[in-house]
Amino acid sequence: MPVLLWTDALIFLLVAGLAGFAYLVRRHPHLAVPWRRVAADPLAMAAAVVLLCFTAVAVLDSLHYRPALPPGPNGEAQYAAEVNSVLDRALAVLVEHQEKSYSAPFATRLFAKEAISLPDGRTVRDYPRLAWGGAHLADPDRGRAGDIAGKAGLGLALGLAAWLPAAWLVRRRLAAGGARRAVLATLLAVCLVAGVLAVLAPYYHVFGTDKVGQDVLYATIKSIRTGVLIGALTTLVTLPLAIGLGVSAGYFGGRVDDAVQYLYTTLNSIPGVLLIAAAVLLMQAQLETHPDWFETGAERADLRLLFLCLILGMTNWTGLARLLRAETLKVRELDYVIAARAFGVSDGRILTRHILPNVQHIVLISVVMDFSGLVLAEAVLSYVGVGVDPGMMSFGNMINGARLELAREPVVWWQLVAAFLFMFVLVLAANLFADSVRDALDPRTRSRT
Amino acid sequence: MSGRGLEVRDLRVEIDADGGRRLVPVDGVSLSVGERECVVLLGESGCGKSLTALALMRLLPEGAGIAAGRAELDGESFFELPERLMRARRGGRLAMIFQEPMTSLNPVLSIGQQIAESLAAHRRLRGPAAQAEAIRLLEAVGLPAERLDAYPSQLSGGQRQRALIAMMLAGDPSVLIADEPTTALDVTVQAQILRLLKELQQTRGMGLLLITHDLDIARDMADRVAVMYAGQIVEWTSRARLFEAPGHPYTRRLLNVLPSAARRGERLAQIPGRVPAPDAALVGCRFADRCTEVTPSCRTEAQVLREVAPGHWLRCGRAGTAGLAGRAAEAPVVVVAGAAAPATTRPVLELRDLKVHFPVRRGLLQRVAGQVRAVDGVSLAVRAGETLALVGESGCGKTTLARAALRLIEATAGQVLLDGEDIGRLAGEALRRKRSAMQIVFQDPFSSLNPRMRVADIIAEGLAALRPDLAAGPRAARVAELLDRVGLPGDAGGRYPHEFSGGQRQRIAIARALAVSPRLLVCDEPTSALDVSVQAQILNLLAELQREQGLAYLFITHNLPVVAYLAHRVAVMYQGRIVEQGDADTLLGAPTQAYTRMLLDSAPGHGL
Amino acid sequence: MTAYLLRRLLYAVPILIGVNLLTFALFFLVNTPDDMARLHLGVKRVTPEAVQKWKAERGYDKPLLFNAGAAGLAKVSDTIFFRHSLAMFAFRFGASDDGRDIAGEIKTRMWPSLAIALPTFVIGLAVDISVALILLFFRRTYVEWTGVVALVAMMSVSSLFYIIGGQYLFAKVWQLAPISGYQDGFNAARFVWLPILIGVVGGIGAGARWYRTLFLEEAGKDYVRTARAKGLSEARVLFRHILKNGMVPILTGAVAVFPLLFMGSLIMESFFGIPGLGSYTIDAINAQDFAIVRAMVFLGAVLYIAGLILTDVSYTLVDPRVRLR
């Protein structure tokens, strides 16, 4: 039974919106001009490839369903209480390979000693073999390195094989130049990494396992959706508010301006983390007092995520509104707006035909620039305890769960490293892409070069 | 050349543009500035004159560089000097002042500090000695000594330009380059600054390389003139010879496109076509496509600068041939602008004691402490078929007046009568119906068109708002007709404003205003941002439209030759009031008010 | 100037009232005291008496806005709004849910917070500006490109990574600093240097990049060309002209956040066990102590507005173009 969570709907809407925007840009040459600059920037294009991969994972992880169970006694269809995604299905082997507790990357034994009962009835304290990791090896202590190398080689070959058709496509669609080389190189890197992981992951826990024995690679991949959602949806859900208030404050001035300025100064004056914390605490209290609102845990976590986006957006919209107000103040004094007023064109029409199209670059820049900061913010908020639902997989929750284990001897480092690594790649790609978009769209930076 | 002065040979500047293209905005420029000599580098926008100046200072912007050529200052070749040594020349014996006085000074350093910096760098003066010298420099440029402690924001535009000149005199330059030093200033201030430059040049024995687009300034200031076109010097001679016997077809055209009282009623000559694009492949003469005397060889053979008479250099293949000795026959003279004032008709627009005051708020409770009287009791009338020129300097309230007349801002007091009906109290639909009678054309062709709209939509905007009854078909037909009328190609409607040049954009703006068939057009400095050759086209178009449609123009400008050429009547505005108003010939010929006289005397072209 | 300051102070009043009303609405209307009591006492199996007792102990058993049962002025003053929201204007924050005086806590915890936040801020500002200037000096060279990419990479690293990594390396592996804790007086240095170092390093990416764009914007202005045309050396153009102008937005921006330094750093303090306001806030959030969160929200708003006013004043001091009226 397919399940459409709120955030799923929004993410599909977002993808559709992006596609629509791309179509619009292709149709209008003057809109396409700045994007051609982005397309010619090697760093930006490399970043775009990485971002697309992350987005693809997020979209796959947003196709949710409840698996069917055997029909009930009366033949009616029954569905499991858990909600899975297409991504879960694809990574089923990782979900299945559940160990007992911590194990290091590529380990064949558990991290901690346990009492093992030997066949002859004695019990010894030793590191027990893992149920899945390296289970195919007869003698894990000797054959492991060779086995890993062989499988990695196979993975590289597979990756290369997957890259070739993609590269052929890219060469056909993109003009030669630095940007194309960057795209091809990034694609190659992505394919090789994916190939190696795909071959190794069924046999080993590439990033180890966590406290409850879950594969860390799986958790990391699942965290991508949370990160992408928070980065993208937060600005989008409050966009109408920011645009509406910012533009009308700038255009109408007077009382409207006073009211909007008062509103955003007041909201701004509350320290962001505290406002978020207060709102999340309150939301939490509401959710806890009404457990009957949700059918599944996933729905509950999802609604909490959506609320988090809204709340983060509430603290974020003021910045965009302020920028839009300032820009509108400038645009409304331009001659073409005065000319329109000389024709008696209505305010609504001036806003939609003259003001909005000429301030839209600010909205775009703001959306891409905010993305990375929000992904990073999620981790911090989850650490503070006001982030996403503790049951939801996210970079913040991974870090939060793992940081206490740093005190162990020897340390459990892999969970942290995996989360930080993936988060770093996502945020770096977003930052590089955003930089390029800003340079292309912002008339101030453009005149400088 | 030996002795003091600047000598440039075959300067070539190249720019690395997007996509690996290489542009050559300055291509083989040679000129010299002698001691106590003023050389004017004359050219329209984009001809490469500013880049020439920056190249001489070795201050070219990123991506641009000197590709070839030599330059000598006081006999010393300086293009190959290491940057460390060049620094000692720059601001020392070779100095430069810039166009924008508002932004060319450091806002957080006082004038004294900025002068002292130059004195320390070039004359090793510090402390009291520097202070005394700074005061001396300030006095030399006509600023009182107490201005030493002022910050740029406390000075007016003219004072800032004086301060900048003082800074540049600190190194006691033998040549001063002035890049459009007065373009951003009012005419009266312009006259003062030009006079100051001339005087400094004379008393200090300094060479002055003055860069300008204004022929009248060249006439007033120059000893010799270099005319620049598309990156090259096309003519290089003494001032007298240039204005009396111009050799290059471009120069002669330039002299001919200027409006003046003498050309009243005549159609101004135009230069057809436009300057070659910066990345165009150039073979042969760069002016060939716009030249009326072009021969086949002009297009194939690259032209060189040749001396056709002692001290008169020309870059023209036909130099010395018969037709060029004197003035060639010009385009036939057609009477277009209203030579005679139209018959007295009822005014289309009449302003009665119009006042626009802006409150000034002060203090704890932001009480209204005073009023800025932007427009302070103006009465005037514009009749059908008549051009009323509203003349005044920046800040005199002329733009506010225009906006109040169009009911774009609310008047504080007084009446605005359109066809005898007071529209000052109208609102809503009633006001909207009146709006089609009066429209406006702006100064800046770049901000007056929405960059996100197609030209056809821009022109149709007024129709959509004021004639909603018009169906799509007739509306499109009307747009096509208007495009044709203002001389734009038929396919222009589907394109976006950025694809058009400044002059073409101004045509689009005129078409937009005409779309709703107004009877009054407020033209707010419509040609100030345009080159003179384009100005002629727009003025001709406006004159034709007036004759055809009996339009009334309220023509706001500070350019007196345009007034003399175009206006039937003139109103002079000063500090929110009309100080003098009357028939154009009478007022310009025999002004009664001191302010009008000062304005007329300040206009360049009459000698200093 | 005085009139201007007075006006700004008056303008702060409606904003603080707005903050006050907002927190009141969030904490007492959206979530009623009963909800809070149940949250603390456990949702299930809680008797109405226990809830009542919990509320009475904290003074949440009064009417929200109007006490009809009281006499005279007490009708208004003996209410939750008056006692818990309006009282904050007098900095009477009341007691936290565990019964301690919040104002007293704030006074003692402020100093450890400042001991970390202030040096981090000042040193960070100096380092970031220096890095930005170095990049500007090596404009259009390999140094600049590498530096800019490095800055982007540095700002793409989670702040948690800097803290966890720094603490692990310096405190645990190399044992150069205590892992956590705090002592007053000069002993504090032993505990604060590592958080300060981590704070500064973690901030370079975003900070230096931002200052670089500010300086770049200044470098493109006309007066810089004038300075070069005067024959000044590149270093002089950079330090006297560009830096001086660039410092205007930098200083005023710094002044704006200055008062907020009192609030401390949430995460840093909690990782290093510094008994400051940041860890106080985090503990309050984790314990769901609404009284403390409310007090900190109000305190933050006051400090923010103080920052705004200080910014305006500092503009008049550093920028000759600005005159306050």
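Predicted model: local features only at pLDDT ≥ 70, side-chain atom pairs only at ≥ 80, totals over all residues.

Let's begin with chain A and chain C. Where these two touch, 47 residues of chain A and 49 residues of chain C take part. How much area is buried between chain A and chain C? It comes to about 4100 Å², and carbon and sulfur atoms give 73% of that. On the chain A side, look for A:Leu274, A:Leu281 and A:Leu282: this trio supplies 15% of the area that chain A buries against chain C, more than any other three residues.

Chain A and chain C share one salt bridge. Which side chains form a salt bridge here? They belong to C:Arg209 and A:Asp435, with 2.6 Å from N to O.

Helices also meet across the two chains. Helix H9 of chain A, residues 254-269, packs with H14(C) at an angle of about 120°, and their axes lie 8 Å apart. With angles of 65 to 115 degrees counted as roughly perpendicular and those over 145 as roughly antiparallel, H9(A) and H14(C) are therefore oblique to each other. From H9(A) come A:Thr265, A:Asn268 and A:Ser269, and they meet C:Gly300, C:Ala301, C:Tyr304, C:Ile305 and C:Leu308 of H14(C). Sorted by class, this contact has four nonpolar residues, four polar ones and no charged ones.

Stay with H14(C) for a moment and look within chain C. H14 covers residues 290-318, and it packs with helix H13, residues 277-286 of chain C, at about 140° with the axes 8 Å apart. H13(C) and H14(C) are therefore oblique to each other as well, and the crossing is left-handed. H13(C) brings C:Leu277, C:Tyr280, C:Thr281, C:Ala284 and C:Ile285, while H14(C) brings C:Ile292, C:Val293 and C:Met296. In this contact, seven residues are nonpolar, one is polar and none is charged.

Helix H6, residues 102-137, and helix H9, residues 188-219, have axes that come within 6 Å and cross at roughly 40°. That makes H6(C) oblique to H9(C). Is the crossing of H6(C) and H9(C) left-handed or right-handed? It's right-handed. The residues in contact between H6(C) and H9(C) split into 21 nonpolar, five polar and two charged.

A:Asp335 forms a salt bridge with B:Arg403, and their closest N and O atoms are 3.9 Å apart. The cut-off for a salt bridge is 4 Å, so this pair counts as one.

Technical notes: Residues numbered from 1 in each chain as written. Chains lettered and ligands numbered in written order. Heavy atoms only, no water. Axes fitted to C-alpha atoms, helices over the stretch in contact; angles between N-to-C directions. Helix = DSSP H or I, 4+ residues; strand = E, 2+ residues; numbered from the N terminus. Parallel < 35°, antiparallel > 145°, perpendicular 65-115°, else oblique. Left-handed = near helix turned anticlockwise from the far one by under 90°. Nonpolar A, V, L, I, M, F, W, Y, C, P; charged D, E, K, R; others polar. Contact = heavy atoms within 4.5 Å. Buried area = accessible area lost by both parts, 1.4 Å probe.
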